[in-house]
Amino acid sequence: METMGNLRRTHYCGEVRLADAGQEMVVAGSIAKCRDKGGIIFADLRDTTGILQMVFDDSTDPAVFEKASSLKSEYVVIAKGKLRERDAKTDKIATGDVELYVTELRVLSAAETTPFEIRDEVKVKDELRLKYRYLDLRRPSMHDPIVLRSKICQIIRNYYCDNHFCEIETPMLIKSTPEGARDYLVPSRVQPGHFYALPQSPQLYKQILMLSGFDRYFQIARCFRDEDLRADRQPEFTQVDLEMSFVTEEDIMTLNEGLIKKLWKEILNIDVATPFQRMPWDEAMARYGSDKPDTRFGLEIIDVTDAVRSSEFAPFKGAIEAGGSVRLINCKGLADKLTRKTIDKLGDVAKTYGAKGLAYTRLTADGETSSFEKFLTEEEKTALRTAANAETGDVLLVVSDADNVRACTALGQVRLEVGRRCELIDPDKFNFLWVVKFPLFEYSEEEGRYMAMHHPFTMPTEDSMDKLETEPGKCYANAYDIVLNGCELGGGSIRINDPALQDRMFKALGFTEEKARESFGFLMDAYKYGAPPHGGMAYGLDRMVMLMLKRDSIRDVIAFPKVQNASELMSGAPETVDEKQLRELSIATVSAEG
């Protein structure tokens with residue numbers, strides 16, 4: 001192996017253009033591909049910016065040509081030469097008009113044959129990619145999102161700093177709190193039997209910062225949640241966190257629409273129209289069956305309860321008498337695509353989300369088939385079809401349930417599945433909206449009590465103040481989520497800044513005074529010394545980058561992600577530790593079996 005000697009990089013591979021032809025330059029990187037054509041050698045050099053073709057021929061210094069003939073994929077080299085126009089141009093790479101005629105070459109590191117080819121066109125199993133992540137990240141399709149993520153972070157920092165925000169780091173070792181997902185715990189060596197928690201968010205600290213007079217705070221923060229993984233979740237993740245004093249929720253939404261507009265323009269060259277639509281939670285659930293509705297296509301939910309209110313059909317009658325409803329989606333003109341077999345599969349989707357079943361009517365040119373209309377009178381059938389605006393070619397998919405939210409949720413998931421199966425969703429659209437006025441509480445059957453839908457510090461709406469103790473299920477929050485194409489991009493709320501109201505909130509959540517002080521005493525004490533009205537929100541950075549790049553998984557935009565069982569395949573984490581380390585932490589382990 002050689003050293004760089006006197007050679008120092010002067011140019012990056014992906015940045016040179018035809019206007020640079022004639023210049024002498026030094027480039028460095030890894031060999032992406034090498035082709036010996038007999039008397040002439042072409043070697044594609046890859047660095048973080050792209051690929052540049054290097055050329056060696058019979059006029060090349062023999063010693064340099066001999067080195068070139070030994071090059072293999074992933075060898076690390078530094079090369080000096082003159083940039084010239086290519087005879088055979090290509091538009092497959094940005095530097096396809098030029099090539100570097102090499103006069104000096106140094107091989108800095110050899111490479112063994114890789115376990116898979118470092119090319120985007122090659123399909124590789126996820127487990128192998130993640131085990132050799134350092135190789136996977138060399139592929140342009142994996143390398144570029146990480147570079148773009150860095151640019152996104154820089155734009156975010158500049159935007160908030162330009163709007164009077166102060167970037168402040170909050171602690172990573174904090175006190176465990178009882179609400180929400182499971183904490184990752186960190187044992188204290190100096191205080192045996194005591195534990196820190198890794199933060200699920202900087203929530204308490206950013207509120208304390210508002211009480212500390214910083215007015216506007218932001219942080220690109222690492223957060224941790226010990227929960228099951230999905231395509232858009234990781235046990236450790238990054239969120240863009242912010243808090244503002246002396247603002248309303250409209251102020252916060254407007255400022256952050258400006259950030260989205262700036263990001264989409266500078267990164268994707270897309271003009272995003274503002275302001276975004278505001279949609280109350282009740283409306284989102286009624287129309288789309290989701291608090292994060294995908295508005296890129298129709299198939300909205302229709303309430304047909306009144307049309308069948310007098311029906312003796314048992315599923316409809318039972319649901320209505322129990323205070324529930326009958327709802328449907330009209331799959332307009334999709335009868336040819338939604339066969340009986342497909343509808344059966346959609347029924348399985350509805351059942352997965354709590355529905356007892358999925359009734360249907362298919363209206364085709366060849367005739368009509370229905371799983372339930374024979375149990376209706378002609379008047380009821382006509383009223384239902386009229387309410388649904390049903391025509392030949394349509395398919396009606398119906399759910400009845402005593403629980404309106406469950407009925408809407410099941411139909412909402414059926415709606416999404418129909419959208420995917422029938423290719424109704426435009427992948428090039430970016431549809432933003434704010435879902436606002438969330439319920440303040442949600443009832444947990446497991447806990448047997450009401451729990452905060454967001455967190456215990458969310459400000460109730462003005463018309464909910466007198467219902468906290470008497471009708472918690474009818475209380476609403478000054479909370480808001482920003483939704484993009486059916487995914488929650490971020491969310492936040494106006495916070496409680498009145499100690500008396502915060503006490504009422506804790507009591508409504510079933511906290512004793514002792515438990516509230518044990519968990520949140522330092523925040524409650526801080527309120528006593530003057531707390532400005534404040535609010536904030538947080539974005540999932542990983543999810544934002546994933547959606548901007550139209551990737552299916554956040555693992556594609558994280559350098560070193562975890563897999564389904566929360567392990568990291570490259571390093572082998574988590575792993576056992578030796579007994580000495582455990583003794584220092586006063587920890588003994590037991591088997592999972594007891």
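T170, P171, M172, P199, S201, P202, Q219, A221, R222 and C223 line the largest cavity of this predicted model. Below is a quick tour of that cavity, one of the pockets and a pair of packed helices.

**The cavity**
- The largest cavity holds about 40 Å³ of space.
- Searching the whole structure turns up one cavity of 30 Å³ or more.
- By class, the lining of the largest cavity has six nonpolar residues, three polar and one charged.

**The second largest pocket**
- Here the volume comes to about 1,200 Å³ for the second largest pocket.
- This pocket is lined by 37 residues, and those closest to its centre are D44, G50, I51, K92 and I93.
- Two or more lining residues come from each of β1 (24-36), β2 (41-47), β3 (50-56) and α4 (140-162).
- Helix α4 gives the largest share of the lining, with six residues.
- Charged residues number 18 in the lining of the second largest pocket, alongside ten nonpolar and nine polar ones.

**Helices α12 and α13**
- Helix α12 (residues 499-508) packs with helix α13 (residues 513-527) at an angle of about 165°, and their axes lie 11 Å apart.
- Angles over 145 degrees count as roughly antiparallel, so α12 and α13 are roughly antiparallel to each other.
- The crossing in which α12 passes α13 is right-handed.
- On the α12 side the contact is made by P499, Q502, D503 and F506, while α13 brings A516, F520, M524 and Y527.
- Sorted by class, the contact of α12 with α13 has six nonpolar residues, one polar and one charged.

Conventions:
Residues are numbered from 1 along each chain as its sequence is written. This is a predicted model: local features need pLDDT of at least 70, side-chain atom pairs count only at pLDDT 80 or more; totals for chains, interfaces and linings use all residues. Side-chain values use heavy atoms; hydrogens and water are left out. On a 1 Å grid over the protein atoms alone, a cavity is a set of points where a 1.4 Å probe fits but cannot get out, and a pocket is an open set with protein on both sides within 12 Å along at least five of seven lines; lining residues have an atom within 4 Å of a point. Grid points are joined across faces, edges and corners, and a volume is the space filled by probe spheres set on the points. Helices (H or I, at least four residues) and strands (E, at least two) are DSSP runs, numbered from the N terminus. Ala, Val, Leu, Ile, Met, Phe, Trp, Tyr, Cys and Pro count as nonpolar, Asp, Glu, Lys and Arg as charged, and the others, Gly among them, as polar. Axes are lines fitted to C-alpha atoms, for helices over the stretch in contact, and angles run from 0 to 180 degrees between N-to-C directions. Angles under 35 degrees count as roughly parallel, over 145 as roughly antiparallel, 65 to 115 as roughly perpendicular and the rest as oblique. A crossing is left-handed if the near helix is turned anticlockwise from the far one by less than a right angle, and right-handed if clockwise. Contact means heavy atoms within 4.5 Å.
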